[in-house]
Amino acid sequence: MGNVPTKEERGGSSSSSRRRGSSITSTINSHHNGSQTFQAQKLKLSKRSSTKEKEKFKEAHAAGLVVKYDENVDGGFLAPYGTYNLNLDYKISVVKEAIIERKLAPFFTPLQDHDEDWSDEELLKVVNNLKLHAHPSEADDEDEDLNYEYDDIDESTLSKKDLKKHLVKKFNKELKLKRLKWQEDEEVRYRQERSTSKQTASKDLKLLLYKNVMECPICFLYYPKYLNYSRCCVQPICSECFVQIKRLDPHFPHDHDDDVETKAKNDPNLLISEPASCPYCATPNFGVTYNPPTTFRTGISGHCLAGSFKLPSTENVIVEGEESTSFDIDDNYFKKPNGQRTRRGSLPANNPSVLTTDYIRPDWEQKLNSARAKLARRAATASAIHASNLIIQENQQDAEQRMIEEAVRLSLMEEEARKRRASSSRR
């Protein structure tokens, strides 16, 4: 009939439409699955890239902690001797710059003991036997990462979580072994240079530094008298101990009662990061000042190299370009141009001459914000789980109520049927 399709044609057209629809749906699903796969791969690559970046940062940080004999200022170095093996997470570039600019005392190699009756020859013998860096201590030998045995572990048998922990421990051990090797290479180079007397500390400089030493009140080791002083109570502290002091990890205030503290743990905005306090007088915002020696300047940015240093003929010689007002580090007094002396008082934390613990760890605020964000995510997850449980519980209760109501209805219907049967039987 004209252009009206037959049944077969209509059926064929319908089948064709279904096939086209199925094909389109399949294509959409294929694109969707492909997009999901791409996003998963992208996330995996992002995580892998993030891990590589962290490993590069850790390796660069470890390299910055290696003591190098030719990176020195006034007889001390830019990296710590190794009295401590913890809390070395300060910003290395900031500390090195502060030492070079003579705003922070260098990391002097300490003496374990000192005797005022030592002759110059005896003192030089002790100083000449000093190494650039401390030997690995017993604590290092007991380090979990250094003792971690990963050669016999089959990584293919580990779960995703265990594999991640395994790879972190493996990397940490390999990095610590690298750092020990780097430091040993520097020791070898130092001994070779010292044997030829090139660019190493002269006898006069060693005597000047170690003839009159001071004991750090915290680590009880003996250092050249050119130490840092606390900004508040003017107490000496070596740079090795200073870089150990930092803020506590983000935490909730300690003065909350139990109920308030329980509620507070759900509020990330209540997390705090308190500034470090002075280890001597507990004044907040701990910081130090450093008054470098005015009688000499050697090493990086120095007026003379360590190897060519000659002992000044008088203790009062001031290097050209130094200010006439100096700080007498022996008795903590300022010496004014008119000859009068006055005791230095407490300095504010924002004084230009003060170097605070926050200054060498400027990422404290970022860590606080990260901790707050992590807690917020955890709280959000906990709230979602709690809400989900409530919904499930409510649904269960609704189902139970409906079941009870249905049971009552069936019971009533059964009772009515029984009564009708009884009534019928009596008739």
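Glu122 sits in helix 3 (residues 120-128), where helices are DSSP runs of H or I with at least four residues, numbered from the N terminus. The model is predicted, so local features need pLDDT of at least 70 and side-chain atom pairs count only at pLDDT 80 or more, while totals for chains, interfaces and linings use all residues. Residues are numbered from 1 along each chain as its sequence is written, and side-chain values use heavy atoms, leaving out hydrogens and water.

**Helix 3**
- Leu123, Leu124 and Val127 are the buried residues of helix 3 (buried means under 20% relative accessible area, exposed over 50%, partly exposed in between, with a 1.4 Å probe and protein chains only).
- These three cover an arc of only 100° around the axis, which puts them on the same side of helix 3; the arc is that of the directions from the helix axis to the C-beta atoms.
- Glu121 and Lys125 are exposed on the other side of helix 3.
- Glu122 is partly exposed, at a relative accessible area of 43%.

**Surface patches**
- Asp113, Asp115, Glu116, Asp117, Glu121 and Glu122 form a negative surface patch.
- Patches are made of residues with over 30% relative accessible area and no salt bridge, joining like charges within 9 Å and nonpolar side chains (Val, Leu, Ile, Met, Phe, Trp, Tyr) within 5 Å.
- A salt bridge is a side-chain nitrogen of Lys or Arg within 4 Å of a carboxyl oxygen of Asp or Glu.
- A nonpolar surface patch consists of Ile404, Val408 and Leu412, with about 280 Å² of accessible area together.
- Val408 belongs to helix 10 (residues 364-426) and is partly exposed, at 44% relative accessibility.

Terms used. Areas by Shrake-Rupley, 256 points an atom, 1.4 Å probe, with all protein chains shown as cover. Lys, Arg positive; Asp, Glu negative; His and termini not counted. Charge placed at Lys NZ, Arg CZ, Asp CG, Glu CD. Helix = DSSP H or I, 4+ residues; strand = E, 2+ residues; numbered from the N terminus.
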